[in-house]
Amino acid sequence: MFDEVKDKFRDECGVFGIYLNKTVYPDEAARNSFYGLYALQHRGQESCGLAISNGEHILLRKGMGLVSDVINQEVIEDLPGHLAIGHVRYSTAGYGGIVNTQPLVIQYLQGSMALAYNGSITNARQLRHRLAEGGAVFQTTSDAEIVALLLARYAKDCLENALAKTMVDIEGALAMVIMTETKLIGVRDPWGIRPLCIGELNGDYILASESSALDTIGARLVRDVEPGEIVAIDRNGLRSMQTVKPQGKAHCIFEYIYFARPDSTIDGINVTYARRELGKQLARECPVEADIVISVPDSGTSAALGYAEHSGIPFQQGLLKNRYVGRTFIQPTQQMREMGVRLKLNPIREIVEGKRVIMVDDSIVRGTTSRNIVNLLRRAGASEVHMMVSSPPTKHPCYYGIDTSSREELIANRMTPAQICQYIGADSLYHISEQGMYEALGGNGNIFCTACFTGSYPVKIS
């Protein structure tokens, strides 16, 4: 079976939270959350949910599918309140379904609590066993439930103090929003691996995985939540406390290469700017004589523009993306594999025929899609196809909330660049160097998690 989606890394979640002191319309928090989640849809397309508080009760709506499938006008009107958190999810195989859809709502000593989570707890198995020994009963297989049960155990303290204690217990990467009937809280792991930012709208505060969600509702970006920081928002405004002392910074570098929307700014770096700089650096390191530069849309486009800008080779739209196709499962014959790729991408013959083509993409995971796209370009008449990749070879899986192929499935783990080039059928294949990647992103490689390239994991894997 051919699954084109698995030929890319996938971020598993996006989170959003909003606290409104004053509301013009009863459903204003729900409506803003809908648009915020819509802007984060690229971070998860399998399920979504929205929890709303009216100051006394928490209401929940969640389901399988896209934001527009689950949250419509009727649902929004049925969710009055001034405080909301939302979640979009992409699950790994075997862990989907409505039971793991978030936000997760629980009843605890102090009342009700809703939680939406992005990341992965690397010591989850040990924590789950410890909680089970203490009598905990689990309803899901989600790490979010582990966090909720730990919070409930420390609930004699205020929620911020309970969260601070919970952050001592857990290891891994996370960005999380939590809501009670009257309060919104956000927290980020001590390394800052998963992103979370703070926005402001007419004096009110928003929390979101990416700044693009803030732009969508007309809010301005205030700053990113710092690694290991807890921010609490209520009628008195925003306050902050530091939890586990950061041991350094390890922002996920794949946010800039592929995951995040191009219009987002994460930890002070604009994603479009970063990708263009990666493309320019790729052109410095890997010059090739060619007639045109094209991209594998959309994630490779900014890097392709940067490559074209530095090299002086004109950029052309050589591949057209069909934006109305979701996941495709195609039987493994060569003819059907090509058809599956054509559902997603189709070469423009008039652009590539007879041309020496440089094709820029953000990464190669299994190599299947790259191979089929090169074949399509050949059939469309390209005389040469040179593949440029704006990231180093991905040799190691991620354990911090990213759905990656197993190490054995990662083509760069079992083939040399020359062998990969032969496998995908390109005339040449070049990856940006690790040092060149750091230079393109500001020169300081110590602030990024690059475990998928180097195998050096900032947080231990239990």
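# Buried charges, cores and salt bridges

Glu 229 is buried, its relative accessible area being 3%. The model described here is predicted. Glu 229 belongs to strand E14, which spans residues 229-234. Its side chain makes a polar contact with the side chain of Arg 223 at 2.8 Å. The side chain of Glu 229 also reaches the backbone nitrogen of Glu 226, at 2.7 Å. Leaving aside neighbours within four places in sequence, Glu 229 is in contact with Gly 186, Val 187, Arg 188, Arg 223, Asp 224, Ser 240, Met 241, Gln 242 and Thr 243.

Glu 181 sits in the loop between strand E9 (172-179) and strand E10. The side chain of Glu 181 does reach the backbone nitrogen of Ser 112, at 3.0 Å. Apart from neighbours within four places in sequence, the contacts of Glu 181 include Ser 53, Gly 55, Glu 56, His 57, Ile 58, His 82 and Leu 83, along with Gly 111 and Ser 112.

Lys 183, for its part, has a partner: its side chain meets that of Glu 160 in a salt bridge of 3.1 Å, N to O. Glu 160 lies in helix H6 (residues 159-169) and Lys 183 in the loop between E9 and E10, so the pair ties together parts 23 residues apart in sequence. Glu 160 counts as buried at 7% relative accessibility, and Lys 183 counts as buried at 16%.

## Salt bridges

The whole structure holds 21 salt bridges. Three of them are set out below.

| Pair | N to O distance | Separation in sequence |
|---|---|---|
| Glu 160 and Lys 183 | 3.1 Å | 23 residues |
| Arg 276 and Glu 309 | 3.1 Å | 33 residues |

Arg 276 forms its salt bridge with Glu 309. Arg 276 lies in helix H9 and Glu 309 in helix H10, so this pair joins parts of the chain that are 33 residues apart. Arg 276 is partly exposed, with a relative accessible area of 28%, and Glu 309 is partly exposed at 46%.

Glu 289 is exposed, with a relative accessible area of 66%, while Arg 356 is partly exposed at 26%. Elsewhere, salt bridges that share partners join Arg 43, Arg 194, Glu 210 and Glu 255 into one network.

In soluble globular proteins, nonpolar side chains tend to be buried together. The largest nonpolar core in this model has 45 residues, and Tyr 307, Ile 358 and Met 437 have the most contacts inside it. Elements giving two or more residues to this core include helix H8 (254-259), helix H9 (271-285), helix H10 (301-311), strand E23 (356-361) and helix H16 (434-440). A second, separate core has 31 residues, among them Ile 121, Ala 144, Leu 151 and Leu 163.

Not counting residues up to four places away in sequence, Tyr 307 touches Ile 358, Val 360 and Met 388, and its other contacts include Leu 282, Ala 283, Cys 286, Pro 287 and Val 288.

Helix H15 covers residues 417-424, and its residues Ile 420, Cys 421 and Ile 424 are buried. These three cover an arc of only 100° around the axis, which puts them on the same side of H15. On the other side, Ala 418 and Gln 422 are exposed. The cover over the buried residues of H15 includes helix H13 (368-379), strand E24 (384-389), helix H14 (411-414) and strand E26 (428-431). Just after H15, Gly 425 takes a positive phi of about 80°.

Gly 192 lies in the loop between strand E10 (184-188) and strand E11 (197-201). Is Gly 192 buried or exposed? Its relative accessible area is 0%, so Gly 192 is buried. Gly 192 touches Pro 227, Ala 250 and His 251, not counting residues up to four places away in sequence. Gly 192 and Gly 228 are 36 residues apart in sequence, with their C-alpha atoms 7.1 Å apart in space.

Technical notes:
Residues numbered from 1 in each chain as written. Predicted model: local features only at pLDDT ≥ 70, side-chain atom pairs only at ≥ 80, totals over all residues. Heavy atoms only, no water. Core = buried A, V, L, I, M, F, W, Y, C linked by side-chain atoms within 4.5 Å. Buried < 20%, exposed > 50% of the residue type's maximum accessible area, 1.4 Å probe, protein only. Helix = DSSP H or I, 4+ residues; strand = E, 2+ residues; numbered from the N terminus. Contact = heavy atoms within 4.5 Å. Arc of directions from axis to C-beta. Polar contact = N/O pair within 3.5 Å; in protein donor to acceptor, adjacent residues only side chain to side chain. Salt bridge = Lys/Arg side-chain N within 4 Å of Asp/Glu carboxyl O.
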